[in-house]
Amino acid sequence: MKILVAVKRVVDHKVNVRVNADETGIETANVKMAINPFCEIAIEQAVRFKEQGSADEVVLVCIGPKEADVQLRAGLALGADRAILVRTDEEVQSLDVAKLLHKIVQEELPDLVLLGKQAIDTDNNQTGQMLAALTGMPQGTFASNIVFTVPNRVKVTREVDGGLVTLALNLPAVITVDLRLNTPRYASLPNIMKAKRKVITMTAPKDIGVNLSPRLTTLRVESPPVRQPGVKVENVTDLVDKLQQQAKVI
Amino acid sequence: MAILIVAEHDNHTIQPATLSVLTAASEIATHTSDGELHLLIIGHECESVVEIAQSIAGLSQILVADHQIYQSPLAENIAPIIVSLVQSKTQDQYSHIITSAGTAGKDYQPRVAAMLDVAQISDIISVESVDTFKRPIYAGNAIATVQSSDVIKVITVRSSAFPPVPLTAESVTTEALNQMPVVELAPQAASGKSEFIKAELTQSSRPELTTAKVVISGGRGMQNTDNFELLYTLADQLNAAVGASRAAVDAGFVANDLQIGQTGKIIAPDLYIAVGISGAIQHIAGITGSKIIVAINNDPDAPIFDVADYGLVADLFDVLPELTAALKAKS
């Protein structure tokens, strides 16, 4: 079984994000970049499937600038076999990402495509579902457990608003992963060294036949309204008084 | 061009989030020339949902796809029926397809968008015009204003950002009720590629997290599952919903559907009480819409105090019983 894992390069989740001065986006100069945390969980899961013997090959694919090879190397150091970088300096929106991934899927013919459920920069939560639509594959979103069952089937437990829902999907399928699927490992030094020798194939949107066509224009990016600083209360009596007399919420 | 609203329901009752989506849809309609609102209900044996929908003011049509294949929501089956409505020649063409950004809408709506070859605008918090919307990015640390160039706008709505439309039979006269056209739709073929196995849904008599007026949450500081009883007791005193931070869910203290934050539930209650929660930005992202935030934590430097209107630096195991008793005494 071959597993394709999509990886996005994003601003590291520990960075305190600030809107830039001309309100066109966020401050990106000298900001630490990293693998989107949800994508990292997807890589970890694919590698675990390989270690358990249910997968033979784990291929990473990233759409981004040439600097994204850093994130792909990090993913290879976690245990993926090889990687594909679809190189572009443009901002690529979810629908175009899905179209690019669709081309890669047609090329690679994976049995399973794993993605993070959302990227922590745009918070869109779209790409996996869109890829499933374009490829005609069934989808299991927000997965907290994935088990291969009879040949060519996979059981997915999904985290939904009311609790958990379990589906069975025919392979090939698209699964987007949630936080509690696993805790990604730290790459060991030998594996980091080994990853340097693994292959990253470079391509570009036009090479695989996709013309990027962004449909959404960002007119402005602004900071959210700031909450006024509050007060410290001394004790429970004080708190209850303030909530009743001042805030009038109880 | 009409606006198609896809209802969120459990085959018995309509989810409050859909009533907020209707407010967002009405706001879009004010920017269009005709802007009729059509509500689509996809389910099985969902007559009571249709009945409730008939008491919603402002709708001009209800569309119902009632079939066994829609008993459990599978995106592979739901997306094609939505798409068929947009592509069908006999139906009105739709300018917007809109639903709530709950886990159901997040699941099928991008599939609909890709099938129609249009972008999706996720999680909108305000309507600026017929094609321009505001939405949070970077866990709410920035708000983007985005404009869509697609003919059909596929949208999910952050329900906590819009008030619900009133759901009263009085808002519609009986006469209007009888005239409200209910169009029954034939089902589309099932994909056969996915199958529902089981649902393990949390049963709770407390209010639902995303619509409760008061929410009390516990974090890592609660230490274990048993200690959450202290929160439940307090919650019952305030008729509050109970939530949790990611740390508490990851530690297994409570179920996943209690998680509040960037990737969990987004809430906007009148009163939010964070107990033993340090206040990671991902958690704050889910609570900034709250009117009043109270933080109880023994660490005076916890970032939660930066967003709290009232902060109490104390041991939660002392505070919770005392607070419950104080409220009981007042009531």
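**A strand pair and a helix crossing**

Good morning. Val147(A) stands opposite Lys155(A), a residue of strand S8(A). The model shown here is predicted: local features need pLDDT of at least 70, side-chain atom pairs count only at pLDDT 80 or more, and totals for chains, interfaces and linings use all residues. Residues are numbered from 1 along each chain as its sequence is written, while chains are lettered from A and ligands numbered from 1 in the order in which they are written.

Let me begin with the strands. Helices (H or I, at least four residues) and strands (E, at least two) are DSSP runs, numbered from the N terminus. Two strands pair if DSSP finds at least two bridges between them. S7(A) and S8(A) run antiparallel and are joined by five bridges. They form a hairpin with four residues between them, and in that turn Asn152(A) has a positive phi of about 65°.

On to the next partner of S8(A). Strand S9 (residues 163-170) of chain A runs antiparallel to S8(A), with eight bridges joining the two. Val156(A) has Leu167(A) in S9(A) as its bridge partner. The hairpin from S8(A) to S9(A) passes through two residues.

How many of the eight residues of S8(A) are buried? Six are, so strand S8(A), residues 153-160, is largely enclosed by the rest of the structure. A residue is buried if 20 or more other C-beta atoms lie within 10 Å of its own, exposed if 12 or fewer, and partly exposed in between, with C-beta atoms placed from the backbone.

I turn now to helix H4(A), residues 127-135, where nine of nine residues are buried. The cover over these residues includes strand S7 (139-148) of chain A and, from chain B, helices H3 (75-87) and H4 (103-115). After H4(A) comes Gly136(A), with a positive phi near 75°.

How do H4(A) and H4(B) cross? Their axes, lines fitted to C-alpha atoms over the stretch in contact, come within 7 Å and cross at roughly 50°. The two helices are therefore oblique to each other; angles under 35 degrees count as roughly parallel, over 145 as roughly antiparallel, 65 to 115 as roughly perpendicular and the rest as oblique.

Residues making this contact include Met130(A) and Leu134(A) of H4(A), and Pro110(B) and Arg111(B) of H4(B). Contact here requires C-beta atoms, placed from the backbone, within 7 Å. By class, the contact has eight nonpolar, one polar and two charged residues. Ala, Val, Leu, Ile, Met, Phe, Trp, Tyr, Cys and Pro count as nonpolar, Asp, Glu, Lys and Arg as charged, and the others, Gly among them, as polar. Thank you.

Conventions. Two residues are in contact if their C-beta atoms, placed from the backbone, lie within 7 Å. Axes are lines fitted to C-alpha atoms, for helices over the stretch in contact, and angles run from 0 to 180 degrees between N-to-C directions.
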